[in-house]
Amino acid sequence: MARTRKLGPDLEVKPNTDAAGGWGSVKSLVKSLGRDHVPFSGSRVLLKQNKTDGFMCVSCAWAKPADPRVFEFCENGAKATTWEITSKRVTPDFFADKTVSDLEKWDDHHLEAAGRLTHPMRWDRATDKYVPVEWETAFDEIGRELRALNPESAVFYTSGRASLETAFMYGLFARAYGNNNLPDSSNMCHETTSVALPESIGVPVGTCTLDDFSHTDCILFFGQNVGTSSPRMLHELQEAAKRGVPIITFNPLRERGLVEFVNPQSPGEMLIEPATRISSQYHQLKAGGDTAAIMGIAKVLLDLDEHAPPTGENSVLDTEFISEHTHGFEAFKAAAKATEWTQIESRSGLTRGALEATAAVYAHAKSVMFIYGMGLTQHKKGVETIQTLVNLALMRGNIGRPGAGICPVRGHSNVQGQRTVGITEKPEQVPADKLKQLFGIEMPKDKGFNTVEACEKIIDGRVRAIVLLGGNLVRAVPEHRLVEPAWRKLRLTVQILTKLNRTALVHGEISYILPCLGRIEIDQQESGPQAVSMEDSTGCMHGSRGQVKPASPHLLSEAKIVAELAKHAAPSRSTIPWDEWVSDYSKVRDAIAATYPDIFHDFNARLWKPGGFHRPIDARKRKWNTETGKANFIVPTSLSTDIDVAPDERDVVQLITLRSNGQFNTTVYSYDDRFRGIYGSRHVVLMHSNDIARFGLAEGQAVCLTTAVDDGVERKVDGLQIVEYDIPAGCIAGYFPECNPLLPLWHYAEKSKTPAAKSIPVRVAASSQMRPHKIPSSN
Ligand SMILES: Nc1nc2c(c(=O)[nH]1)N[C@H]1C(S)=C(S)[C@@H](COP(=O)(O)OP(=O)(O)OC[C@H]3O[C@@H](n4cnc5c(=O)[nH]c(N)nc54)[C@H](O)[C@@H]3O)O[C@H]1N2
Ligand SMILES: Nc1nc2c(c(=O)[nH]1)N[C@H]1C(S)=C(S)[C@@H](COP(=O)(O)OP(=O)(O)OC[C@H]3O[C@@H](n4cnc5c(=O)[nH]c(N)nc54)[C@H](O)[C@@H]3O)O[C@H]1N2
Ligand SMILES: [Mo]
């Protein structure tokens, strides 16, 4: 439906036919600089983004090249920067005339848009307000409260933004305190990858580097919205597409960035060159149809192989690789052959012809990359889907040579790195002997809680305290209806934050907001300004130096806050010289190197090399650290990734929860989703015209979604407006976090417990509410 529609006082739909990037990006950047009141010196900071002597972007984790472009940032990276270096402030005065109950009426956008937090604050029961507090008083009370608890009942969450140094310290703090309760954002994100890949190929991370894009002959792209979520990758995709590399995309939605791209940093290109077509084939499969689609492609390859010469240049299967390097091929082959086309077509929503078209390209491409995101990880059978994708790669030896490999696209800028340095609830992933020998820490033996388990234990009252290193957990997790009231009963809630968010308002009996420096700010400690480091999506470590004056003189660095928490909550539980580490972060890096020498040897020396340094990834060298010593073909147990829904329930549709181009997770920069052409409101549900008609509804009408499971919990989101959209019938889409109340806590990926946010079974009914209640704000 390519026409503009005004669907209410707020909502307008203007179908976007522009390429991703281009002038739209430039306009959006200029808008961000104005909206966040960024002074001119601030805009110059952008030139330092993702450069060896600069700071690493606080938005996504996409790889940073050794020879950066002049502007090595994208529209969304620039938004994230201006959002952090805004000149707006949330001071004690801001809180003085607002109760927490008042602030609860503000929406996600307005809470964060109010600006940077400037002072440590404590919730005051008598007035229901946050009031300023001295740092030392805060640390004393938090330490006292944590010491009084059984260590099992405290939880230490990390959002994926904190540096390697801070994350390492935070992990040591939790273990010195006495637990492995270290859930993190990865538990809602690529945990599925971290479970799937070790079983298949013996590594928890992807096998590709930036260099592979220059050598690849074909890219298969599953369930990742590059134009919004990792826009800098569009440069690599554009270069590949210009070389004639086929890019075959599987995504229920036609995402602009995967259709065409104009480099917004190239004025010449914006004026005269046509947009580059990115995807050569675009397959709009059903949500959760990936295992079926991949099995279909595998089935065609097996057929082609049977009719092709067995060896030589034209062979379809890499038989040499399969026999030397893999295990389980015959079982997988039998399973693929036994899978019926009718099943494949009905589960994937794609025709046999479409999958044959993919297989034909794949069978002739020498080196192939497999890129994926949340479209694969956030499903009940996500682990199996990723393993089936690996099977497809193994069939043609597409791991461990240039231009080939598995490329999961991580989310937060250091989410992968935090795992590497010990943020995990699984004790076996941490070298306990090193913790004992180097830091005098007795490693707690019990497995800790991941994010879903932490929520379960908050609901059942076993968790009494939570410390959050970044993030907005109450909004990001499933099951708001149960989690929020339980959260309010916690004894202690502590948030280390840069900006106010809803989680700070859903507070426990004792509640603190501890405001910290952002990564773009100069972090002055005793030995001078400090640098920090992070790991990108391709396993490459980069240094980052703050560039601008801190938002307030009262802020502390995350590293300092973590050290003080450790000193107060777990005194004499380690031999760590916390103060010495805070005075000079290079000492933390030395400690990381001593703990994980294979990855981080000579950490301080190697960090500042242009382009950083790569961690070793054995699967790249075809060394397989699996139980069989080989790369494993693993047979999926089901073609359906959404086993909670009986397929014959015709009134049930699959809800995909997504990000807009105007948000970074729960940080809502604006109500516009430019790439999808939706302006002014996030309270929408995208539906196919057949579904709109089938349910007797109309575009623009307000509807109520209810979760179609029968477990005694009522889950609904009311007042979403219908937008007619190019999405497969039977699937609908809405935004995260607005739709999170619909996601049952137990609806998660098997084995990884990643919430299955891309396939929530729901029913759609007309709403009695005209449109969502607009949240007032004095801002
Ligand atoms: N601007 C911006 N950048 C971000 C973020 C942000 O919120 N905003 N978040 C960051 C974080 S933490 C993360 S994890 C990443 C997330 O980045 P993505 O992985 O891109 O995550 P989503 O936007 O949730 O959705 C991914 C895509 O999956 C598709 N999809 C949904 N269901 C299916 C399915 O069943 N199969 C297939 N094949 N596709 C499906 C959707 O249509 C969508 O295009 O981005 C990071 N970068
Ligand atoms: N339905 C649904 N739910 C989802 C998803 C989905 O696709 N659908 N995606 C999931 C995914 S992939 C993820 S990663 C999670 C995200 O979950 P979280 O990581 O918990 O959430 P964010 O929105 O990234 O956190 C934003 C907050 O971080 C704070 N912050 C920003 N910068 C800094 C900093 O430098 N230091 C500190 N200490 N704090 C800072 C700000 O105060 C801001 O309010 O959500 C998950 N939830
Ligand atoms: Mo994420």
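Predicted model: local features only at pLDDT ≥ 70, side-chain atom pairs only at ≥ 80, totals over all residues.
Local features are given only where pLDDT is at least 70, and side-chain atom pairs only at pLDDT 80 or more, while totals for chains, interfaces and linings use all residues; side-chain values rest on heavy atoms, with hydrogens and water left out. Residues are numbered from 1 along each chain as its sequence is written, and chains are lettered from A and ligands numbered from 1 in the order in which they are written.

## Surroundings of ligand 1

Ligand 1 is surrounded by 30 residues, where a residue is near a molecule if one of its heavy atoms lies within 4 Å of it. The closest are Asn251, Glu255, Gly288, Gln663 and Asn665. By class, this shell holds 11 nonpolar, 15 polar and four charged residues. Here Ala, Val, Leu, Ile, Met, Phe, Trp, Tyr, Cys and Pro count as nonpolar, Asp, Glu, Lys and Arg as charged, and the others, Gly among them, as polar.

Several polar contacts involve the ligands; such a contact is a pair of N or O atoms within 3.5 Å. An oxygen atom of ligand 1 lies 2.5 Å from an N or O atom in the side chain of Glu255. For Asn251, the distance from a side-chain N or O atom to an oxygen atom of ligand 1 is 2.7 Å. A nitrogen atom of ligand 1 is 3.3 Å from an N or O atom in the side chain of Asn76. On its own, ligand 1 has 920 Å² of accessible area, of which the protein covers 99%; accessible areas come from the Shrake-Rupley method with a 1.4 Å probe. The elements that give two or more residues to this shell are α11 (226-229), α20 (374-377), β26 (653-658) and β27 (663-664). Helices (H or I, at least four residues) and strands (E, at least two) are DSSP runs, numbered from the N terminus.

Asn665 counts as buried because its relative accessibility is 17%, buried being under 20% relative accessible area, exposed over 50% and partly exposed in between (1.4 Å probe, protein chains only).

## Surroundings of ligand 2

Around ligand 2 there are 31 residues, the closest being Glu112, Ser159, Asn501, Glu558 and Thr666. They divide into 11 nonpolar, 14 polar and six charged.

| Residue | Part of the residue | Distance to an oxygen atom of ligand 2 |
|---|---|---|
| Thr666 | side chain | 2.6 Å |
| Tyr157 | side chain | 2.9 Å |
| Gly471 | backbone | 3.2 Å |

Taken alone, ligand 2 exposes 930 Å², and the protein buries 96% of that.

## Aromatic contacts

A pair of aromatic rings is described by the distance of the centres and the angle of the planes. Rings of Phe, Tyr and Trp (its six-membered ring) pair if their centres lie within 6.5 Å; planes under 30 degrees apart count as stacked, over 60 as edge-to-face and the rest as tilted. By this rule the count comes to 22 aromatic pairs. Trp62 and Phe213 form an edge-to-face pair, because their ring centres are 5.8 Å apart and their planes stand at 90°. Trp62 lies in the loop between α2 (40-45) and α3 (75-84) and Phe213 in helix α10 (residues 212-215), so this pair ties together parts that are 151 residues apart in sequence. Both Trp62 and Phe213 are buried.

Phe168 and Phe439 are likewise edge-to-face, with 5.9 Å between centres and 70° between planes. Since Phe168 belongs to helix α8 (residues 164-177) and Phe439 to helix α23 (residues 432-439), the pair ties together parts that are 271 residues apart in sequence. Phe168 and Phe439 are buried. Elsewhere, ring pairs link Phe94, Phe95, Trp106 and Tyr130 into a cluster.

Charges also sit over rings, a term used if NZ of Lys or CZ of Arg is within 6 Å of the ring centre and within 35 degrees of the ring normal. Arg254 lies over the face of Tyr282, at 5.0 Å from the ring centre, and the charged end of Arg396 sits over the ring of Tyr362, 5.8 Å from its centre.

## Other features

In helix α30 (residues 585-595), eight of the 11 residues are buried, among them Tyr585, Val588 and Ile592. The peptide bond from Phe736 to Pro737 is cis, with omega near 5°. Pro737 is placed in the loop between β33 (731-735) and β34 (760-766). Lys751 is also found in the loop between β33 and β34. Phi of Lys751 is near 75°, a positive value in a residue other than glycine, and at 59% relative accessibility Lys751 counts as exposed.

Methods:
Polar contact = N/O pair within 3.5 Å; in protein donor to acceptor, adjacent residues only side chain to side chain.
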